[in-house]
Amino acid sequence: MNSHLFPHIGKVIASTGSRHFPRMLHDLILTQLAVDATHIRQMRVEPVGHALLRSELESAKEAALLAETVYSELSSAPPSSDMPSRESLPVTDASQLHLTRRTDDYRYVISVYRNGASKRFSAHERSLLQDISPVLLPMVEKHINALQPAICAVPAEQSQDAAAQGLQTLRLRFCERMDQLGLSLSNRELEVCVGLLAGRTAPELAEQLQLKVNTVESYLKRAAIKLGISGRHSLMRWMYSPQDTSSAA
């Protein structure tokens with residue numbers, strides 16, 4: 001995976017559960033291939049013989065809640081009949097690619113579209129999208145799950161806004177990665193690393209944590225030594241590498 005993707009991936013993860021997630025995901029895909037629209041959705045995997053038990057109203061609510069389309073701002077062509085309709089506009093043809101992740105009860109799908117048969121995806125472009133699917137699909141699953149109503153009611157004072165939930169997801173994943181490698185950081189070192197992974201700059205973190213910029217840099221250097229990395233880009237690589245070892249010198 002190209003290192004230039006890591007900041008984009010961090011921003012997508014940090015936006016989990018928020019209205020910004022589909023746009024962030026769309027922008028991430030655009031770094032790999034040109035698309036006119038990105039559509040994400042969750043579909044229930046019905047047990048045999050039970051598909052007709054759910055009411056039409058319930059199905060409609062799921063479709064409205066668990067599906068969203070983002071269109072490229074510079075795309076001049078209207079969406080085709082094969083694409084999720086922007087305003088149910090009938091048009092002609094579209095090239096499309098689909099990525100799917102299946103769990104016990106649900107199927108999560110990412111679809112990307114281009115207008116016109118002349119713009120069909122090449123084998124190389126299909127390969128590019130497939131290469132990042134192990135990163136994209138789990139993020140879509142976590143985002144959609146974050147949108148679901150909680151099974152147990154949570155007091156209003158304990159609820160978090162969508163941005164905070166996304167950042168918490170990133171923090172938990174970072175801690176899981178450290179546990180996997182048997183590493184540990186101080187609280188400040190952890191917050192600095194998570195903030196950088198979420199796409200924030202050192203000055204932004206300094207303001208948020210009420211620290212000086214050079215203090216933030218010092219925490220990053222300490223964390224880098226413990227993690228066996230060399231800096232921010234190495235932090236991104238360490239976080240999202242499929243390997244179970246750090247890049248210690």
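Author: Buried means under 20% relative accessible area, exposed over 50%, and partly exposed in between, with a 1.4 Å probe and protein chains only. H26 counts as buried because its relative accessibility is 0%. This is a predicted model: local features need pLDDT of at least 70, side-chain atom pairs count only at pLDDT 80 or more, and totals for chains, interfaces and linings use all residues. Residues are numbered from 1 along each chain as its sequence is written, and side-chain values use heavy atoms, with hydrogens and water left out.

H26 sits in helix α2, residues 21-30. Helices (H or I, at least four residues) and strands (E, at least two) are DSSP runs, numbered from the N terminus. The side chain of H26 makes a polar contact of 3.0 Å with the side chain of S72. Such a contact is a pair of N or O atoms within 3.5 Å; within protein, one must be able to donate a hydrogen and the other to accept it, and residues adjacent in sequence count only if both atoms are side-chain atoms.

Contact alone means heavy atoms within 4.5 Å. Beyond its neighbours within four places in sequence, H26 contacts V35, A37, T38, V70, Y71 and S72.

S111 lies in strand β4, residues 106-115. S111 is buried too, at 0% relative accessible area. Its side chain makes a polar contact of 3.2 Å with the side chain of R41.
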